[in-house]
Amino acid sequence: MLLLVRFTIHIMIKIRFLFLLLAFYSFELKAQFPVPGKGGQGMMNVGRVYGKIIDSKTKKAIDAVSVQLIQNKYDSATKTKKDIVVTGQLTRSNGEFDLEGLAVMATYKIKISAIGYKTIEQKIAFDIKFNQGGDMMQMLNKVNKDLGDIALESEIKEVKEVVITGEKPQLQLGIDRKIFNVDKNIISAGGNAVDVMRNVPTVSVDVEGNVSLRNNTPEIFVDGRPTLLSLDQIPADAIQSIELITNPSAKYDASGGQSAIINIVLKKNRQIGYNGNLRAGIDMRARVQSGADFNIRQGKLNVFASAMLNQRKSIAWGETDRNNQNPPTNPSTLFLENDNTSTGRFGFLRGGVDYFINNRNTLSITGNFSEGNFKTDDISDIAINFLNTDILDSTEKRNTYGTNIFRNRGGQLSYKRVFTKPGKEWQADLNYSKVSSDNDQTIDISNVKFSSSSPDIRRIFNQRVDAGGSNQLLVGQTDFINPLNDNSKIEMGLRTQIRWFESFQNNFINNIALPGISNAFSYEERVHAVYLNYSQKLTAQNLNFQTGLRAESSEYVGQIVGKATRFSNRFPLALFPSAFISKSLSGKQDLQLNYTRRVKRPNFFQLLPNTDYTDVLNYQTGNPDLLPEFTNSVELGYQKTYGKKNNTVLVSLFGKQTENLIARYQSPQKIGNSDTVGLVTTWVNATTAYAAGLELVFKNNFNKWWEANYNFNYYYSKINGTKDLPALENERTSFTIKMNNTFKLGKGWTVQLSADYNSRSIIPVSSGNSGGGGFGGGGGGRGGGMMGGGGFGGGQISTTQGYIDENYYADLGLRKELKIKNNTATFSINWSDFLRTRQNIVFSQGVGFDQNSWRRRDPQFVRVNISYRFGKMDVSVFKRKNNRIEMDDIPMQP
């Protein structure tokens, strides 16, 4: 019996191994369509080998050189193995050759011959094995291998053996980053990037879609560059993977303070031939989603496009209970009930062209456009009692009708040069994006003031807010990588970022303009940077280290439109070092220690002393005396791959120390020139802040039908107040648990179950770039996202003075795949928050007040999706002639 069990486990491991390999190449390399006549092996034909043939003496290119790829195959007729030419090519006039569509599971021999030159023969191995962590991009670069300049001479010039490694798990763990592959995530199908983030390990998402990582708002990048897109403006079906960079090196922008970087990698295919994807879906509120992707590559051109059009209806509600002890002579209790409904549509279009000038030079241009139009219907009922009594002081009903229209457009021009020296490359790109937004609100207000000694005072009036603005971002960057030898390299780069921002907010009461509380302003921000990294590998000690230094200079100038008031701030040259050291241990173990220094400069809204009056429970204003915060971060990581199923555990221990932490602070203040006292939120500098945590991430393949990813996070945070603001101090520990299980039931059926638990935690205080084109902080409404604009705040504001209560939820997804000839159709249904437990409960307190509030959005939400993938890996899509050798003209080798 024991032998039978061992044999069964052995067979399951083999099947699991093959399944993961097929999954990797069907997604990561987009080779998901079998080649007709080759059965399932077509999906593995993704290898590419290229190079250039030159004369060893003159160094000039040689044309019409025969380059053949030979494979040893079994001949059923003779029942022996024979060398058979599977593909070949004559070099072009510039001496270049390019062999694509190679089966990565096979072993080849490359044969290069020309009249008057010695023949070269060399084996090429595509060694497929599980990668023990590391950089996914490095693995993909090995798939496209440059053999360099191959010199033909009187003596044979050997070509170095080529080893190509690849893998495609749902979650790839590296000590410096984690990569979550979206294609296998059933639950987010038909949604947006917020839905994707809910299932990414170590990432937390609240009920309103606000994302945090290690209790800080992360910087959001798209394809490695900053973006003005908000997460709810990026369709989930357009995302290839999510990269979590928790402690960025000197290569990355130093801005962000304590924040990590979440890089969203969008889908893009460069596979020979054509392929596409058609999608459609509908949700429980009869809102439809549709989309399509298409890619075609022939010769020197690769063209790709993606489009999506979604309808959306979102429903949210909540309550706020606030005790006011200010003024002390008239304490009161405020209770608010809020219901919010947002409806509208959103469209997204992205396309581009890659032009392969030759094997080593590529020019790319990409453009994107998105637009949304949403309407908000928000009802708030407010009742104010005298504190600790049932005596009603006043009531107010506010009906808010809002519209939010936004447009986002941008483009990228990129050039990449790959040198013959392995690993040496230069890249330069220019990125431009602009988002504009119109956020208008009409608020019908009915107010009753009760009195025991006189008639009640009733007021009915109308408030209107017309707001909008634009945000433009221009980023130019160039990066150069030069290996000094096989064990060392340098990386260097330059970067310039310029941002132009304009915003306005006009307030009216009964259609009478209120210029005293209206505002319009603009600002320009410039950041210039240069960085240098040096990496060294000590092979004998299994040790790698990287040291880096980044220098940045920034300035911005803003003004209130129509006034002489100007605000400016200039931060002189600052240095930001980083250091990484890693060691490979026996038993598939890796250890890494790193250190970085980063900065977060106050933005214009945090400095502008104008007050935003759009939310009567949370007035907001800036602080012109803010200082930048500086953060030193240390992280220790340990990774081990264990078991025959290549299970992985990643342990990360981190600590951060911040000077002059920029934090939100809420206190009662007089509103404008009136005698009315209200709670005003502003920004202040804490003296110091400390944070530390432990992350445990596990990736387990229990058997061929069950794959699980789960993680545990423990977080400690302490904020020290100031002499004038002791209430700013806050100290708390918290933890989260997240699990994602995938069950393969056979016959194309897959079930996915994910669950989250978050303990009571400190409220995130950082305001890193969440990607949006939002226009908050004194004008322009509330955010450029799909659900932004309009609505009533409900009293929930992120400050350091409080906590978020514990919460938990679970999501469920089901998928069925159907093979239709050589293509694939997929049906999926996902049910988010199926236990109806997801809600945001916040407690906050400060001088003269304490407040409890809760809010819930779209519980037990169901979506149904259908997709159809099609394509053909064909090097002659348009039947054009090329220089590929016809197989009939090549003699078979004995």
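Predicted model: local features only at pLDDT ≥ 70, side-chain atom pairs only at ≥ 80, totals over all residues.

Colleague: How many cavities of 30 Å³ or more does the structure hold?

Modeller: The structure holds 9 of them. A cavity here is a set of points, on a 1 Å grid over the protein atoms alone, where a 1.4 Å probe fits but cannot get out, and lining residues have an atom within 4 Å of a point. The points are joined across faces, edges and corners, and a volume is the space filled by probe spheres set on them.

Colleague: And how much space lies in the second largest cavity?

Modeller: About 150 Å³. It is lined by 16 residues, and the closest to its centre are Gly-190, Gly-191, Asn-192, Asn-310 and Arg-312.

Colleague: Which elements give two or more residues to that lining?

Modeller: Strand E18 (301-324) and strand E45 (861-872). E18 provides the largest share, 4 residues. The labels follow DSSP runs numbered from the N terminus: helices are H or I with at least four residues, strands are E with at least two. The protein chain comes to 4 helices and 45 strands.

Colleague: OK, rings. How many aromatic pairs does the count come to?

Modeller: The count is 19 aromatic pairs. Rings of Phe, Tyr and Trp (its six-membered ring) pair if their centres lie within 6.5 Å; planes under 30 degrees apart count as stacked, over 60 as edge-to-face and the rest as tilted.

Colleague: Why is the pair of Tyr-523 and Tyr-556 edge-to-face?

Modeller: Because their planes are at 65°, with the ring centres 6.5 Å apart. Tyr-523 sits in strand E26 (residues 519-538) and Tyr-556 in strand E27 (residues 543-560), 33 residues apart.

Colleague: Are those two tyrosines buried or exposed?

Modeller: Tyr-523 and Tyr-556 are both buried, where buried means under 20% relative accessible area, exposed over 50% and partly exposed in between (1.4 Å probe, protein chains only). Across the protein chain, 55% of the 894 residues count as buried.

Colleague: What about Phe-654 and Tyr-715?

Modeller: That pair is tilted, at 6.3 Å centre to centre and 40° between the planes. It links distant parts of the chain, with Phe-654 in strand E32 (residues 647-659) and Tyr-715 in strand E36 (residues 706-719), 61 residues apart. Phe-654 counts as buried because its relative accessibility is 6%, and Tyr-715, at 9%, counts as buried too.

Colleague: Which residue lies over the face of Phe-654?

Modeller: Arg-214, at 4.0 Å from the ring centre. The rule asks for NZ of Lys or CZ of Arg within 6 Å of the ring centre and within 35 degrees of the ring normal. Arg-297 lies over the face of Phe-356 at 4.2 Å.

Colleague: Which residues form the aromatic cluster?

Modeller: Phe-702, Trp-705, Trp-706 and Phe-743 form one.

Terms used: Residues numbered from 1 in each chain as written. Heavy atoms only, no water. 1 Å grid on protein atoms, 1.4 Å probe; cavity = no way out; pocket = protein on both sides within 12 Å on 5 of 7 lines; lining within 4 Å.
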